[in-house]
Amino acid sequence: VPTLAPNQTADVPIEFTFAQEGSQRLSAEIEPDMLAADNARSCAVPVERALRLLLVDGEPSADPYQDEVFLLNVALRPEGPEFSGNETTIIHESELETVDLSEYHAVLLLNVNRVTDEVRLRLERYASGGGGVVFFLGDQVDAGVYNRLLWRDGVGILPAMLGDQMTAPAQHPGYPPAPALADVPVIGKFASAAAPLLGNVLVWQWFKAELPGPAAASAPDEPANEASAPTPGNSAAWPTTSSQPADRGPARVLLRLADSDHSPMVIEGTFGRGRVLMFTTTADKEWNNLPDQPIFVVLMMELMQYAARPSDGGHESSVGEPIELVLDPARFEPTAVLKLPTFPSAPSIRLDARTRVHDGRTVVEWPDTSLPGLYQFELRRTSGEPPVESLGVERQVRQVAVNLDTRESDLRRADRPSLLASMGDLRTTYLPAESLAEFTRAEARQELWPALLAVLVLVLMVEQGLAWWFGADKNWRRAFFVAQRPSAVFRRQPQTSQPRAAGPRAG
């Protein structure tokens, strides 16, 4: 890692091969410094022996070079002593309504014509859970059906609305891709070498595609002036993103053609946790010569890796953020055993999954992530799901790495607005250090006589009650009956005027 200035970042590419399948932990550390807590970070990596790719053939043929999926399948799973890391399965488009999509990391639809409501529901459910979906278009595609079922006015799985099928002029052999931007995922890797790698690619047929929202409005057929007109060397002048409904991410163009409209060639979108890619041309050589170029194999492998990776990561979190683990009820039982970072000193915890109301997903939740480290969830597979060979039992371990928030490493002094903003809705009083002593003295001078008076009155009442109790007759029954007896009438005897003799009366 190079020497970094404060708040500076650097990317250091590292290639690592894991020894076994399953959820693995990958940690990175830097040299010790004065703040040791943020010197290491971890992530949980789901390691698979291969990417399982499902190729749906929309135009099968006995001639391999006329078959829609043959060339792409060779690129993704070439023969030879070295394993490409991809396992491909080819099905006919009629099987798309019955095949179990959850067994695959990505589903590729190549020039598929047969799209039904059932197919739409299965694809949306699959992508929402994190699966990758890739569309290659062609002459079998019905743009009206795709727009009605898959685009659905911008809320469906298709990242852009399809327009007319376009064909290059007869005197024109085709259009090459425009230079890619360096910050574009996957294709940006080839930006510096675009001329030798993509310069010989020609596309002579494609579908027009319209991205929704501001991007479509800001990309007219004819630019307002020549200075702002995009050129093959100025592809950044064209908008690359669009706005989407809240339940799906924005679409963006990864690669354009160098025609007069700079038509999109590769478009990326997200649906739920899954990535969706759309090629506006074919995967075979019917509409382009991309399969003839050396870059075809590398580009397809990189794009499939990118499409198969869930868009939200899902295996790393920050301290204080709750963990939500989405389960497939068809594959896993609705329970999990959680092992905290302090395991085995802290016992494991059994958690029950619940179904969320707003999206119907089955999730396992754990709110207390105050400790950084690795949180391990052991899931039991249903009876119909085959066990994982590397574990040897009918269970699967998923891990989530919880790290300190990167803002904890910012040692700059916080000012008053940022401190108050961090308190959220809490009632907060901001006191500078110099006013703290005065505030303490003011608190000390608060009058206490109301409380003391109340205590004194209470003591007097208790004292009067005790005096009455100990000074009175404790025979309560007698006191009660005496109180109920009628009052006696006393009559005073009249006094005589002559006093009584003190001695014996005289004879």
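**A helix and its surroundings**

Mentor: Happy to, and let's begin at a helix end: Asp142 caps the N-terminal end of H3, with a side-chain oxygen 3.0 Å from the backbone nitrogen of Gly144. Keep in mind that this is a predicted model.

Trainee: Which residues of H3 are the buried ones?

Mentor: They are Ala143, Val145, Tyr146, Asn147, Leu149, Leu150 and Trp151.

Trainee: And what do the buried residues of H3 pack against?

Mentor: Their partners are helix H2 (117-128) and the strands S6, S7 (161-167) and S8 (205-210).

Trainee: What follows H3?

Mentor: Arg152 does, and its phi is positive, near 50°. Arg152 also belongs to a network of salt bridges with Asp117, Arg120 and Glu124.

Trainee: While we're on those, how many salt bridges does the structure hold?

Mentor: There are 14. One of them pairs Arg356 with Glu324, whose closest N and O atoms are 2.4 Å apart. That pair links distant parts of the chain: Arg356 sits in the loop between strands S16 (354-355) and S17 (362-366), while Glu324 is in strand S13, 32 residues apart.

Trainee: Is Arg356 buried or exposed?

Mentor: Arg356 counts as buried because its relative accessibility is 10%, under the 20% cut-off. Glu324 is partly exposed, at 41%.

Trainee: Where does Glu378 find its salt-bridge partner?

Mentor: At Lys339, with the closest N and O atoms 3.0 Å apart. Glu378 is in strand S18 and Lys339 in strand S14, 39 residues apart. Both Glu378 and Lys339 are buried.

Trainee: Switching topic: which residues have the most contacts inside the largest nonpolar core?

Mentor: Leu72, Leu108, Phe136 and Met300, in a core of 41 residues. Several elements give two or more residues to this core, including strand S3 (51-57), helix H1 (70-76) and helix H6 (295-308). H6 gives the most, with nine residues.

Trainee: What does Phe136 touch?

Mentor: Beyond its neighbours within four places in sequence, its contacts include Leu72, Leu108, Phe279 and Met300.

Trainee: Last one: which residues form the nonpolar patch on the surface?

Mentor: Val1, Leu4, Val12, Ile14, Phe16, Leu26 and Ile30, with about 710 Å² of accessible area together. Ile14 is exposed, at 72% relative accessible area, and lies in the segment before strand S1 (22-29).

Notes:
Residues are numbered from 1 along each chain as its sequence is written. This is a predicted model: local features need pLDDT of at least 70, side-chain atom pairs count only at pLDDT 80 or more; totals for chains, interfaces and linings use all residues. Side-chain values use heavy atoms; hydrogens and water are left out. Patches are made of residues with over 30% relative accessible area and no salt bridge: like charges are joined within 9 Å, nonpolar side chains (Val, Leu, Ile, Met, Phe, Trp, Tyr) within 5 Å. Accessible areas come from the Shrake-Rupley method with a 1.4 Å probe; for residues, only the protein chains shown count as cover. A salt bridge is a side-chain nitrogen of Lys or Arg within 4 Å of a carboxyl oxygen of Asp or Glu. Helices (H or I, at least four residues) and strands (E, at least two) are DSSP runs, numbered from the N terminus. Buried means under 20% relative accessible area, exposed over 50%, partly exposed in between (1.4 Å probe, protein chains only). A nonpolar core is a set of buried Ala, Val, Leu, Ile, Met, Phe, Trp, Tyr and Cys residues joined through side-chain atoms within 4.5 Å. Contact means heavy atoms within 4.5 Å. A polar contact is a pair of N or O atoms within 3.5 Å; within protein, one must be able to donate a hydrogen and the other to accept it, and residues adjacent in sequence count only if both atoms are side-chain atoms.
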